[in-house]
Amino acid sequence: MSARPTTRPGGRSARVQQSVHQAVRDLEAEVGRDALTVPLIAARAGVTPSTVYRRWGDLRELLSDVAVERLRPDAPPADHGTLRADLEAWAVQFAEEMSSTAGLTYIRDALLGEPEQGNAARCSDYAAEQLKAVNVRAAGRGEAVPDVETLLDVVVAPLMYRILFRPSDLSAAYIERLVAAALARAESPSAVLLPPKS
């Protein structure tokens, strides 16, 4: 997977994005999600509705963009001394944040956006960037690391499935089995991995 740029826009564009995103968050808290409209958001943000339509197209795409920004990690993954510990801690935090009420709302909103806009891919890129940071640190310690695609396939994808469809089946033990399967792939790339037992 090629990483997409995840830098924020600069100048006036950044100010418009920031004010509109803040307006969405404030109004959602004040009047509720169902009452949100582009004119209401634009008035709160101090821009014209046409600015919002020109930039985002419609309310659904705006909500998707806000969600993607809220899903952006605000810190690098913590260093716990080993690749296994780093991956387990990152995956537990990821599962907790994404399965929270706010996390589930953001995920669903991010997926509402038009595929061509790449919002879902940006969310995937955030996870990939975090996992790459974990791998770089572990490689610096001399540890064998699975490639990022393997971590996405073996750890993140099953977690997202459970978060969205089987949240009661999330557990620390399940996450540990996912990480162990990814590490086994790093140690023996030709190994056939069976799905972890529930």
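**Fold and burial**

Author: Along the sequence, the protein follows the pattern α-α-α-α-α-α-α-α-α. Its secondary structure comes to 9 helices and 0 strands; helices (H or I, at least four residues) and strands (E, at least two) are DSSP runs, numbered from the N terminus. This is a predicted model, where local features need pLDDT of at least 70, side-chain atom pairs count only at pLDDT 80 or more, and totals for chains, interfaces and linings use all residues. Residues are numbered from 1 along each chain as its sequence is written, and side-chain values use heavy atoms, with hydrogens and water left out.

Reader: What does α4 reach from its first C-alpha to its last?

Author: The expected span of a helix is 1.5 Å times one less than its number of residues. Helix α4 (residues 59-71) has 13 residues and reaches 18 Å, close to the 18 Å expected.

Reader: Why is α4 described as largely enclosed?

Author: Buried means under 20% relative accessible area, exposed over 50%, partly exposed in between (1.4 Å probe, protein chains only). In α4, 10 of the 13 residues are buried, so the rest of the structure largely encloses α4. Among the buried residues are Glu61, Asp65 and Glu69. Their cover includes α1 (11-31) and α7 (119-140).

Reader: Which side chain makes a polar contact with that of Asp86?

Author: A polar contact is a pair of N or O atoms within 3.5 Å; within protein, one must be able to donate a hydrogen and the other to accept it, and residues adjacent in sequence count only if both atoms are side-chain atoms. For Asp86, the partner is the side chain of Arg137 (3.2 Å). Asp86 lies in helix α5 and counts as buried at 1% relative accessibility.

Conventions
Contact means heavy atoms within 4.5 Å.
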